[in-house]
Amino acid sequence: MANKDLQHEEIKKFKELAEGVRICMFTTFNEKNELSSRPMATVDIDDKGDVWFFTNEHSKKVEEVSEDYTVHLIYSHPGKNIFLNVKGQCEIVEDKNKIKELWNPVYEAWFPEGLNDPNLCLAKVKTEEAVFWNSDTTKMGVIFSIIKAVVTREKFKEGEKGKLDL
C-alpha cells in the first residue's frame, strides 16, 4: 500500500473511532505547566484528520494554547469499548466562512448569540498521532473474556489497539 493510501486509511480509522464518541476531554497545559482538561464536543474531523471545536476567543483554553500549542484530546466510550488519545497542535481560527460552514443551531446552547457572537471562534487541532484501544465486544462479552482468562490462566485479549501517525 502506498504511503498516501496508508495515511488515508489511518485518517479513516481515526474519524470512525472519534466520531463514535464525539465528546472528548480537551487537555492543555496551564501557566504552571500542569494539565488542564475540560469536556468539549467535536464539531468536525476533516479529511486531513484535523479536529475542529467551537470556543470563545477569551476562554482559558485559548489563553493556554497561545502559550503551548500542544494539546491532547482524550475520547472514551466504555459502553462501546472505544478509547482514544490524540496528540496535536492547536491553533485558533477566526475565519467567519469556516465558522459558518461548521455551525449548527444546536451550538446556541453554548453560544446564545449564535453566529453573531463576536467572541465565537474555532479551535483547530492538527492531529499528529492517535493511540487507540477498541473492542467491538459488548460489556458482557468483555466480562466473560476476563473471567475466561482467569479460569484458563491465559492473558486477557483486550481487542484492537494501535497507533496512528497522522
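# Briefing: fold, strand residues and a pocket

Ile82 is buried, at 8% relative accessibility (buried means under 20% relative accessible area, exposed over 50%, partly exposed in between, with a 1.4 Å probe and protein chains only). This is a predicted model: local features need pLDDT of at least 70, side-chain atom pairs count only at pLDDT 80 or more, and totals for chains, interfaces and linings use all residues. Residues are numbered from 1 along each chain as its sequence is written, and side-chain values use heavy atoms, with hydrogens and water left out.

**Overall fold**

- The protein has 4 helices and 8 strands. Both are DSSP runs, numbered from the N terminus: helices are H or I with at least four residues, strands are E with at least two.
- Along the sequence the order is α-β-β-β-β-α-β-β-α-β-α-β.
- Of the 166 residues in the protein, 41% are buried.
- Take the contacts with a separation of 6 or more: 67% of them join residues 24 or more positions apart. Contact here means heavy atoms within 4.5 Å.

**Strand β1**

- Thr28 sits in strand β1, residues 23-29. Thr28 is buried, with a relative accessible area of 0%.
- The side chains of Thr28 and Glu64 form a polar contact of 2.3 Å. A polar contact is a pair of N or O atoms within 3.5 Å; within protein, one must be able to donate a hydrogen and the other to accept it, and residues adjacent in sequence count only if both atoms are side-chain atoms.
- Setting aside residues up to four places away in sequence, Thr28 touches Glu34, Leu35, Ser36, Arg38, Lys61, Glu64, Val65, Thr70 and Val71.
- Phe26 also belongs to strand β1. Phe26 is buried, at 0% relative accessibility.
- Phe26 and Arg38 are 12 residues apart along the chain, and their C-alpha atoms are separated by 5.4 Å.

**Strand β2: Ser37**

- Ser37 lies in strand β2. Its relative accessibility is 41%, so Ser37 counts as partly exposed.
- Beyond its neighbours within four places in sequence, Ser37 contacts Met25, Phe26 and Thr27.
- A polar contact of 2.7 Å links the side chains of Ser37 and Thr27.
- Ser37 and Cys24 are 13 residues apart in sequence, with a C-alpha to C-alpha distance of 9.5 Å.

**Strand β6: Ile82**

- Ile82 is part of strand β6, residues 82-93.
- From Ile82 to Val21 the sequence gap is 61 residues, and the C-alpha to C-alpha distance is 7.7 Å.

**Loops and backbone angles**

- Most residues other than glycine have a negative phi, and most peptide bonds are trans.
- Arg22 is not a glycine, yet its phi is positive, about 75°. Arg22 lies in the loop between α1 (3-19) and β1. Arg22 is partly exposed, with a relative accessible area of 30%.
- Asn33 has a positive phi near 60° and is a residue other than glycine. Asn33 lies in the loop between β1 and β2. Asn33 is exposed, at 57% relative accessibility.
- Lys48 is in the loop between β3 (44-45) and β4. Lys48 is exposed, with a relative accessible area of 62%.
- Lys48 and Lys12 are 36 residues apart in sequence and 9.6 Å apart in space, C-alpha to C-alpha.

**Second largest pocket**

- The second largest pocket has a volume of about 250 Å³.
- There are 13 lining residues; Met40, Ala41, Phe54, Trp110 and Phe111 are the closest to the centre of this pocket.
- Two or more lining residues come from each of β2 (35-41) and β4 (51-56). Strand β2 gives the largest share, 4 residues.
- The lining has 9 nonpolar, 2 polar and 2 charged residues. Ala, Val, Leu, Ile, Met, Phe, Trp, Tyr, Cys and Pro count as nonpolar, Asp, Glu, Lys and Arg as charged, and the others, Gly among them, as polar.
- On a 1 Å grid over the protein atoms alone, a pocket is an open set of points where a 1.4 Å probe fits, with protein on both sides within 12 Å along at least five of seven lines; lining residues have an atom within 4 Å of a point.
- Grid points are joined across faces, edges and corners, and a volume is the space filled by probe spheres set on the points.
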